[in-house]
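Here is a short briefing to read with the model open beside you.

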Amino acid sequence: MNGKAVLPVAVAAELLSQAAVAVNSGLEFVGYNEMRLQKGVVLESDSQILHLYSEKAELQEDGTYKAIAELRTDGVKWQHVNAKAEIILAPKGFALKVPEVQKVDISQKYNRSIKEAYSECLFHGEFLQALTEIKGWSNDGMVAVSKTSKPLADWFKEPMFTNWQSDPLMIDSAYQLMILWTTEALGAPSLPNYAKNYRQFIKSFDGQEVTISAKAAKKSTSSAIATIEFITNDGKVAAIIDGYECTINSALTNAFKKRVLGD
C-alpha cells in the first residue's frame with residue numbers, strides 16, 4: 001500500500017494468537033477481544049524483527065481464559081507496541097454457543113468483476129486475492145465468497161508454528177470486502193483499526209471456501225462498524241467478528257493505487 005509492504009492486520013492477530021497458545025500450553029485458541037492496531041507495521045526489509053509477547057492466561061467467569069498479547073517492533077530508543085489483543089483460550093472440547101446466520105440485504109448487483117475489484121478498488125497482491133465472488137450488496141452490507149488460508153509452508157519460508165489458530169487469509173478477505181462496501185455505500189475506501197471480538201467455532205477451515213457476510217451496524221462518512229460472519233458450505237456460522245471498526249478516507253484511493261514496491 002502506498003508503495004510499501006505492510007503487515008496485514010489479520011496476520012498480526014494470528015501472530016498474537018500463536019504467542020498466547022505457545023505460552024499457555026494445554027489451552028486452545030477460540031478467539032480474541034479488543035484487537036487494536038496501534039501502529040502499522042511497514043516491512044522495510046526481508047529481515048525485519050517482530051517481537052511477540054503474551055501473558056499467562058487468567059480464568060474468566062464463562063470458563064474461557066484470557067491472555068493479553070502484544071506485537072512490538074524496535075524503535076530508536078524503545079519498542080513500539082504495534083498491535084495488542086486479549087486472546088481467548090479454552091480447554092480442549094470447550095463448546096462456544098454458535099449464533100444463527102444474520103440476514104443481510106444484498107438486493108443490488110455489484111457491477112465490477114473480481115479482477116476489476118482488485119485492480120480498481122483494492123491494493124492486495126496476488127497472494128492475498130482470495131475473494132472469488134461478490135454475491136450482492138446494499139446500504140445494509142455485502143456478501144461474498146472467499147478462499148481460506150493455504151498451508152503454513154506457502155506463507156513462511158521457515159514456519160515458527162505447526163498450524164493456524166485463526167485463518168488470516170479469510171479474515172483479511174473480510175477486511176477487503178469492507179473496503180469494497182464502504183467504497184460503494186459511503187463513497188470512499190477504508191482500513192481496519194479495531195475488532196471488539198472474534199470467535200471461532202471450528203478448529204480449522206482446511207482450505208475450504210467460505211461465505212463472508214458483512215452487516216453494517218453504524219456508518220458515517222469517516223467510519224463504519226459492522227458484524228462479519230464466516231459461513232461454511234453447511235450453512236453454519238464457523239466464525240464471527242463482532243464490532244469490526246474501520247476508518248474511511250478518500251485519500252486512501254491514491255494510496256491503494258501504488259501497488260508496486262517503491263512507487
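A crossing of two helices is called left-handed if the near helix is turned anticlockwise from the far one by less than a right angle, and right-handed if clockwise. By that rule, α1 passes α4 in a right-handed crossing. This is a predicted model, in which local features need pLDDT of at least 70 and side-chain atom pairs count only at pLDDT 80 or more, while totals for chains, interfaces and linings use all residues. Residues are numbered from 1 along each chain as its sequence is written, and side-chain values use heavy atoms, with hydrogens and water left out.

**The helix pair α1 and α4**

- Helices (H or I, at least four residues) and strands (E, at least two) are DSSP runs, numbered from the N terminus.
- The axes of α1 and α4 (residues 168-186) come within 8 Å and cross at roughly 145°; axes here are lines fitted to C-alpha atoms, for helices over the stretch in contact, with angles from 0 to 180 degrees between N-to-C directions.
- On the α1 side the contact is made by V9, A10, V11 and E14, and on the α4 side by P168, I171, D172 and Y175; contact means heavy atoms within 4.5 Å.
- An α-helix has 3.6 residues a turn, so residues three or four places apart point the same way.
- Buried means under 20% relative accessible area, exposed over 50%, and partly exposed in between (1.4 Å probe, protein chains only).
- In α1, 13 of the 15 residues are buried, so this helix is largely enclosed by the rest of the structure.
- In α4, 15 of the 19 residues are buried, so α4 too is largely enclosed by the rest of the structure.

**P168, in helix α4**

- P168 belongs to helix α4 and is buried, with a relative accessible area of 1%.
- Leaving aside neighbours within four places in sequence, P168 is in contact with A10, V11, E14, S149 and W155.
- Between P168 and A153 there are 15 residues in sequence and 14 Å in space, C-alpha to C-alpha.

**Cysteines**

- How many disulfides does a search of the whole structure find? The search finds zero, a disulfide being a pair of cysteine sulfur atoms within 2.5 Å.
- C121 is in no disulfide, and the nearest cysteine sulfur, that of C246, is 15 Å away.
- Seen from C246, the closest cysteine sulfur is in C121, and 15 Å is too far for a bond.
- C121 counts as buried at 7% relative accessibility, and C246 is buried at 1%.

**Positive phi angles**

- Most residues other than glycine have a negative phi, and most peptide bonds are trans.
- E34, although not a glycine, has a positive phi of about 50°; E34 is placed in strand β1 (residues 27-37) and counts as partly exposed at 33% relative accessibility.
- D206 also has a positive phi, near 50°, in a residue other than glycine.
- The place of D206 is the loop between β8 (190-200) and β9 (210-219), where D206 is exposed, with a relative accessible area of 68%.
- G187, which follows α4, has a positive phi near 85°.

**Polar contacts of two strand residues**

- H51 sits in strand β2 (residues 51-54), and a polar contact of 3.4 Å joins its side chain to that of Q79.
- A polar contact is a pair of N or O atoms within 3.5 Å; within protein, one must be able to donate a hydrogen and the other to accept it, and residues adjacent in sequence count only if both atoms are side-chain atoms.
- Not counting residues up to four places away in sequence, H51 touches E70, L71, R72, T73, D74 and Q79.
- T227 lies in strand β10 (residues 223-231) and is buried, with a relative accessible area of 16%.
- The side chains of T227 and D242 are joined by a polar contact of 3.3 Å.
- Beyond four places in sequence, the contacts of T227 include Q102, S213, I240 and D242.

**A loop residue, K150**

- K150 is found in the loop between β7 (141-146) and α3 (152-155), and counts as partly exposed at 46% relative accessibility.
- Not counting residues up to four places away in sequence, K150 touches W155 and W164.
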